[in-house]
Amino acid sequence: MQRSAPETNAEREMGRVLELIKQEWPAMLENDCIPYLQDSLKKIVHEYHQGFNSSIGTFHKIQGSIQASQKKVRSLKESLATSKTALCATDPELKKLHATSRMYDDVLQTLNELDDLRTVPDQLEARISEKRFLTAVEVLQNALRKLTKPELDGIGALSDLRSYLANQETALMEILVEELHEHLYLKSPYCQERWQNLTKHHGAMNEAFQDTSNLAPFHIIFESIDWDRSVTEDPQKNPEADTFYYITLLVESLNRLGRLETAVDMLKQRLPVELFAVVNETINDIDQKHPSSLRGGSNGSNGLHIYGQRETQMRADVIYDLLWTLYGKFEAIAEGHRVFHESIKSLIRREGAGNNIALLGSFKELWNLYQNEIRSLLHNYVTTDADVYQFRSSPRPGGGLNGHMDAREHLFKFSEADAKSAEMTAEYEALDNIIQNAVPGLTSNSGKNSKKSTLVVPRSDAAATRKSLGAGYGREQSSGTYKSLVEPSVFNMSLLLPPTLVFLQRLKSIVPPGSDLATSTLTSFLDNFLVNVFQPQLDETLGKLSDTVFGEADAFLQDSEWAHLAKRPIFKGTTAFFTVITAFCRMLGTIPHDQALSSLIITQMLRYYDRCFNWYKALVTKTQEEASTSEELRASAVMALEPSEIHDTVMSLWKAETSGATEEFEELLRKEAGLLIAKANEQKLEASDIIQDRDTISSLCLLYTSMKWLTVKVMGLRHITKNENDTSTKPSAATLPKPEKKRWTLLNDPNKATAEEGPVYLPMTQETVHILTSYEELASIALRTLHMEVRCRIVHSLSLALSPTITAPYTLDQIVTEPDQEILSLNAEMVAYDETTTRYLREREVLFIRRGLGLLINAYLIKIAPVVSHPMNLNGCGRMKLNVRVLQQNLKKILEGLELGREMGYFELFEKGLDEKVERTKKDAEQIQGGGYDELKALLELCYSEQLADRERGVAAQAKRQLGERLLGLSEYMWQQ
């Protein structure tokens, strides 16, 4: 079977047309459709025959054009063949032309690059002036890359541009670093608002613990920054307006410049200098704001001054203004460093550079310097002697970066150098030549003609500085230190701590997490300061204050303002010492409790006790002329101090007086009188045993009232604590205990330091509270001395008045109408004594001294008078009765209702006659109230004393016989009773 020929395209098209007709117009396939078709074709031909005719002509033209084109193609083919033949042949000229063309292309490209490089300086300076540092870094680096192309190496005109761009790279890094310093250390005006608002916020802490500024808190701003994205520039925005954005921009620019690590090193090196400048500028600003007359100062007191409320408030205004301002700046600086730290950290994370400690350590360096500055400020305003503990705040190259202070002694001081020595002059000339060669123009050339005059030796000797500064504040001190705006005093600690603690607490929220700086240790340096600086200074200040109080000439004189402080007069020194105690306790309430600090004031209280006790001993000690080998103290002091039956009886008397045991008190009074008379019989009281000076009695009264007042006042301050925190018991100050949790958090109330009202406490332990017992005991000793002194004085005066050898015999020829002078002196002394004690002591103590005086006089006159007044006649008895009557009248002025009836009845028996029998003696005995055998026997002996002393033997013998009979009858009567 023969295979059919394949269909052509026309046939396929025809087939598709037929298929389309079958589908769309099936009627056209019917047999009766042909005539209709023919008619249609005729119409079409009739309508389009002109177009067909023109198409035929056009076809001929096209056919002619095709033929002409075929001829041209054949001609072109022949030309190409000819050209191919020519190209295959070698032509040296053509090769030269090609090389020349390539060279011209390179030259044009180089010219274009040179034209671009020509505009680089202007572009770079424009971007730098616009603070578009990312673009500036890109322009600089693109230009430096172009200059590294080999084709530009031979162009000598580019050497200046290369040097310029190399210098600009360094200059740009320095500019970026300077811009960082401008914003990190608040030099830019765009930073002022933030630290000022922080300062206002700090100052409002004592009123409302809320942020009073319109600026968003740092933690909100910090959290809003996208640290995972690189910072970009916005040409329409001032980059400096947002400090934190600007810092991140500068960090990114330094990183792209490849100088970030160098910049970080420069920041670390300049950190001490910048902080020192911030502190110094702040101090100068505050110094200008507050006049020196309104700072509550006390020139010349060397910190030994207790300030009143007004002075404290004035000082608080200055210190708070300084610290709130400074800590506001410190907080703003810390926020900037936190952003700087986080920017570097995010760069390292994005670039996968690992944990680069060299780049991330700046915040710890900042904190170390903060510690040094805070310690320095605390030291300047607390310590009065630089030798106690010395901090260096001056920025030293290569020193202080790690927070360690060089504790070694300086082996050389410029102040000790001889500026005129030949060696010093030669060294200075060599140094000047080196500087001139390295940096021409840095030093003055005039020094060559007067080198000796240009050699300046800085005076840094601490002692000389202190001498030149007088009071030590209000003037700028030696280089590297700060001027003190108020007088240094340990009592400033209560003003310094609250702002410091507020700042440290706020700093905790700024410390980068994960850093090697633990927020829990931010206050540990304060513990160190308290132990190593504040406590020694406080000890020294308290010692000097106490020495001032103790050493004042009027310390043991009556305080003229006692009525405003106590119910009875007290020592001026006591009120001054209690002022020291109160100021100490008020200051102690603003710092963490440490029993070692409380023990400092306890030590001074013990010293004051010793001082008062020594003063007491000085009052009751005999003079060198009066003192004997056996006893140096007055009789009353011996009885008040040394253990004896009299001492115990007087102690019991005071207890009975305070407890209201009347019967026991009366019994003890009789016992006391008997013991005192017995002791006077054993050892006669001399004039040196009696306190003759009335002022001494006043001083003893003041000693009693002062010790009682001080005891009551300290009891009001006493607060028994079980807190075991006592740094004085630690092995060494270097091994400090772990700070208690929240030890510092509750001590940041600034009002607490300036408020006069409010409770003041003195923390004491069970071991230290004994000091109050010591004060009580000293007061008791003074009162016992006063109690015994008046009794010793009575006994001594009566012994003089009754002694016939001292005054006059009692066998008188005439009646006596005037009392003895000794009795009058005794009356005057007793009245003066009572007036003194009444003026200074309470009624209770006065009664303790008064009660029992009449009982003592009764007992003495009945027991001693008959013995010492032998012999006695009726006139002598009248003299005795007159003296007793005068004494009775005087005692009635002191003790109402006092009667010496027993003494009067005793001597009235003497006047009734001696010729009666024993029965009369019995009746006489009943008249002597409470009279015993011994007293009656003495009376009978006194009645016969004149006859027994008669020189005629018969009279004396008869008197002796009658006395024996009387005594026998008295003995029988007493036996029957």
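Select Glu335 and Arg194: both residues are buried. Their side chains form a salt bridge, with 2.8 Å between the closest N and O atoms. The two partners are 141 residues apart in the chain, Glu335 in helix H11 (residues 309-351) and Arg194 in helix H7 (residues 192-203). This is a predicted model.

Stay on helix H11 and select Arg350 together with Glu252. A salt bridge joins these side chains as well, at 3.2 Å from N to O. Because Arg350 lies in helix H11 and Glu252 in helix H9 (residues 243-257), the pair ties together parts that are 98 residues apart in sequence.

Now select Glu178, Lys187, Arg270 and Glu274. Salt bridges with shared partners join these four residues into one network.

Next, select Arg127 and Glu130. Their side chains meet in a salt bridge, 3.2 Å from N to O. Arg127 counts as buried because its relative accessibility is 18%, and buried means under 20%. Glu130, at 36%, is partly exposed. As a general point, side chains of opposite charge can pair when their charged atoms come close.

Phe52 is placed in helix H2 (residues 34-87). With a relative accessibility of 46%, Phe52 counts as partly exposed.

Then select helix H23, residues 662-682. Which residues of H23 are buried? Among them are Phe665, Leu668, Leu669, Glu672 and Ala673. Further along, Leu675, Leu676, Ile677 and Ala680 are buried too. To check the length of H23, take its end C-alpha atoms, which are 30 Å apart. At 1.5 Å a residue, the 21 residues should span 30 Å, so the two values agree.

Finally, zoom out to the whole protein. Its secondary structure comes to 35 helices and 2 strands. The protein has 977 residues, and 44% of them count as buried. Of the contacts with a separation of 6 or more, 78% are between residues 24 or more positions apart.

Terms used:
Residues are numbered from 1 along each chain as its sequence is written. This is a predicted model: local features need pLDDT of at least 70, side-chain atom pairs count only at pLDDT 80 or more; totals for chains, interfaces and linings use all residues. Side-chain values use heavy atoms; hydrogens and water are left out. Helices (H or I, at least four residues) and strands (E, at least two) are DSSP runs, numbered from the N terminus. Buried means under 20% relative accessible area, exposed over 50%, partly exposed in between (1.4 Å probe, protein chains only). The expected span of a helix is 1.5 Å times one less than its number of residues. Contact means heavy atoms within 4.5 Å.
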